[in-house]
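Trainee: I've got a structure open and I'd like to learn how to read a strand in it. Can you walk me through one?

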Amino acid sequence: MNPRLDGKVMVVTGGASGFGAATARLAVAEGARVVLADVQDERGHEIAEELGEGARYVHCDVSQEADVAGVVDRALEAFGQLDCMFNNAGIVGARGPIDEIPLEEYEFTVGILQRSVFLGMKHAARVMKPMRSGVILSTTSCVGLRGGLGPHVYATCKAAIVGLTRNVAAELGAWGIRVNAIAPGKHATPMFADAAFGDPGAVGNTDVFMKMSPLRGRFGTAEDIAEAAVWLTSDGAGFVSGVTLSVDGGLIAGTPEGAEPGHGLYAGHEPLIREGGRRGMQ
Ligand SMILES: NC(=O)c1ccc[n+]([C@@H]2O[C@H](COP(=O)([O-])OP(=O)(O)OC[C@H]3O[C@@H](n4cnc5c(N)ncnc54)[C@H](O)[C@@H]3O)[C@@H](O)[C@H]2O)c1
């Protein structure tokens, strides 16, 4: 079978860790060339070296337009084209009660989580429109799809990415460009381990991740997001645009975390009580 991304060129922001690093590794294994963009230069260079000739690392602060424009240009310079822009870098950012969040923390967080995606879409479109093809992916989150799951500013930015994805897909379909988002749940990456347990190293604490998983027998990994990103970039997803694909083990659909089989609503069985006449039943 042919590699799924044979000949394609992909930019991955946040490529030095978590979802970005896993996606870069899988994309290269599937025949792509990748440009990793991040602010963690040492780790970024290490991963690019590990991936060999088909990979480059570029320092890029995704909240800065010149940096994002620069990474797109670097992909063209190094590999001659851009087939996929994956806007994935992120932080948790401002936390706390709504009446206590300082404006400057709000603005800093929006810069990294939301302005970055706008900039990634803008500069990818600049080079993809003349090609009449391309794929733009962005990482949103389950917290952007339902209230009460995460910090206010983080959740707001992630919800904005869902809206931007739909809207930009509606514009760029006419240019042959597909625009989609991925909404992870709770995955074992340094960011989630840090947010949940105050320690990025807790990423290896598989027991805890297993207990909070909605899907029995496994928990969310960085590789799960890499699989979704590679599929959405591939021609196999060639008619998929404007969607937010949840990759969360069923969390946002309502699957409780760590529940036993036959739990809650599904415990036991009561015979159906027919309410003659009232619902049209005899
Ligand atoms: N891990 C989860 O459970 C989870 C769930 C939902 C959404 N997400 C989202 O997935 C994306 C990736 O997160 P991850 O879990 O892989 O975390 P991670 O911390 O492992 O990776 C995030 C990467 O983004 C980089 N980054 C941070 N600020 C940057 C900036 N200004 N410019 C460039 N790069 C920057 C970091 O250096 C890091 O390498 C983020 O957008 C995050 O919000 C993660």
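This is a predicted model: local features need pLDDT of at least 70, side-chain atom pairs count only at pLDDT 80 or more; totals for chains, interfaces and linings use all residues.

Trainee: Okay, how many residues of strand S5 are buried?

Mentor: Six of the six, across residues 134-139, so S5 is largely enclosed by the rest of the structure.

Trainee: And how do I read the two faces of a strand?

Mentor: In a regular strand, side chains alternate between the two faces of the sheet. Here, Gly 134, Ile 136 and Ser 138 are on one side of S5, with Val 135, Leu 137 and Thr 139 on the other. Every one of those residues is buried, which leaves both faces covered.

Trainee: Which residue stands opposite Ser 138?

Mentor: That's Asn 87. Strand S4 (residues 84-87) pairs with S5 in the parallel sense, over four bridges. To get from S4 to S5, the chain crosses through helix H4 (residues 103-131), and this β-α-β crossover is right-handed.

Trainee: What about S5 and strand S6: over how many bridges do they pair?

Mentor: Six, again in the parallel sense, with S6 covering residues 177-184. Ile 136 has Val 179 in S6 as its bridge partner.

Trainee: Now the ligand. Which residues are closest?

Mentor: Gly 14, Gly 18, Gly 90, Thr 189 and Met 191, out of 28 residues that surround the ligand. Helices H1 (18-29) and H6 (190-197) each supply at least two residues of that shell.

Trainee: What classes of residue make up the shell?

Mentor: You'll find 12 nonpolar, 13 polar and three charged residues around the ligand.

Notes
Residues are numbered from 1 along each chain as its sequence is written. A residue is near a molecule or strand if its C-beta atom, placed from the backbone, lies within 6 Å of it. Ala, Val, Leu, Ile, Met, Phe, Trp, Tyr, Cys and Pro count as nonpolar, Asp, Glu, Lys and Arg as charged, and the others, Gly among them, as polar. A residue is buried if 20 or more other C-beta atoms lie within 10 Å of its own, exposed if 12 or fewer, and partly exposed in between; C-beta atoms are placed from the backbone. Two strands pair if DSSP finds at least two bridges between them. A crossover is right-handed if, with the strands pointing away from the viewer, the path from the first strand over the helix to the second runs clockwise.
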